[in-house]
Amino acid sequence: MLTNPSKRLKTFEDIYAENHARLYRLAIRMVEDRESASDIVQEVFMALYERLNGGTVVLYLNTWLYRVTINKCTDQLNRQKRYRSLEEVKDTPAEESSQDGSEKSQIIQLALGLMKPSERAILSMYSEGFSYKEISDATGIRFTSVSKTLSRSLDKMEQQLKKQGYETY
Amino acid sequence: MRHIDSDILQKYLDGEVSTDEKTGVEAHLTSCDICSFRLAQLQGRAERIKRLLNQNSDVEVVLPPLPSNINGKLSVNVSDFSASSESRVKRPLLKRWTIGLSAACLIGMVFLYKPLVCRSENQKIVRMQREIVEVDANRPYSEQETTLSIIDAEGNVTYVE
């Protein structure tokens, strides 16, 4: 998907409407909090507008949008130390991780909560159907390492889901 | 029999293997039940995790309006995800070392070649000596008539008066 490098002329409004939901989904998977995710996506679009309005050319817009969103989410996680150690999560009741989700949603959020920011990003992009090249460009993971990192992240996610009592098979 | 690593199977599932890798994986899978079973497991796992993640973030999002200080009509030239030419091609470590060492050897040879040439030119003269042709007893030594004889590597003697 999204592999055509041809150029088109669009308005900023179009770019905003086309990409907002995708970036919001990525951000919500990474920071686990809707309000923070919404703020991050707005910050990304503000940063994009400032660059474009200032005359800076943004090559490969989608890559740029995903990369900046991932970086901002990672900064947020590092600031808040939201990714917790395994020991901490074991002692945390599932209800605390999500206030309005179903039980399944809580289990997934708990499992994601144990992943590193880069692992969350790679799983999130993979689940959206991005290619390894696109994942590599957006996350900064070396192209030749994407399969190893992805395989490891899927293993980790599977183990965490099993620990939470959710079978992936 | 050596089994295929999980990350290669994952790459194969995602259609990201090279033609050679694909041929190798498929040849192995025809004769290995363990890897075939593992491949089916990985496929099921990937699909379920993808579905779970998509369900979990499948939320209705009302597109918030653009902030008032943003001009939504700003025209932008857009190109999609990067073509392979955008980012530098990352070569495997072994390949990079091989290229680096080859380059270092070539540069070394260029630098070493020049002194060798100079040395071989110098080696043409094996011996050089000054001889007094005829001694004049009434003259001091510095004013005596002399001949310079140069002997090269091949034994040829050249006389310079």
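A helix axis here is a line fitted to C-alpha atoms over the stretch in contact, and angles run from 0 to 180 degrees between N-to-C directions. Helices (H or I, at least four residues) and strands (E, at least two) are DSSP runs, numbered from the N terminus. This is a predicted model, where local features need pLDDT of at least 70 and side-chain atom pairs count only at pLDDT 80 or more, while totals for chains, interfaces and linings use all residues. Residues are numbered from 1 along each chain as its sequence is written, with chains lettered from A and ligands numbered from 1 in the order in which they are written.

**Chain A overall**
- You'll find 8 helices and 1 strand in chain A, running β-α-α-α-α-α-α-α-α from the N terminus.
- Of the 169 residues in chain A, 42% are buried (20 or more other C-beta atoms, placed from the backbone, within 10 Å of the residue's own).

**Two helices crossing in chain A**
- Helix α6 (residues 117-127) of chain A and helix α7 (residues 132-139) of chain A have axes that come within 10 Å and cross at roughly 145°.
- On the α6(A) side, S118(A), A121(A), I122(A), M125(A) and Y126(A) meet I135(A), A138(A) and T139(A) of α7(A); contact takes C-beta atoms, placed from the backbone, within 7 Å.

**A hairpin in chain B**
- Strands β3 (residues 146-152) and β4 (residues 157-160) of chain B run antiparallel, joined by 4 bridges; pairing takes at least two bridges found by DSSP.
- L148(B) has V160(B) in β4(B) as its bridge partner.
- The hairpin of β3(B) and β4(B) has 4 residues between the strands, and G155(B) in the turn has a positive phi of about 90°.

Definitions and conventions
Two residues are in contact if their C-beta atoms, placed from the backbone, lie within 7 Å. A residue is buried if 20 or more other C-beta atoms lie within 10 Å of its own, exposed if 12 or fewer, and partly exposed in between; C-beta atoms are placed from the backbone.
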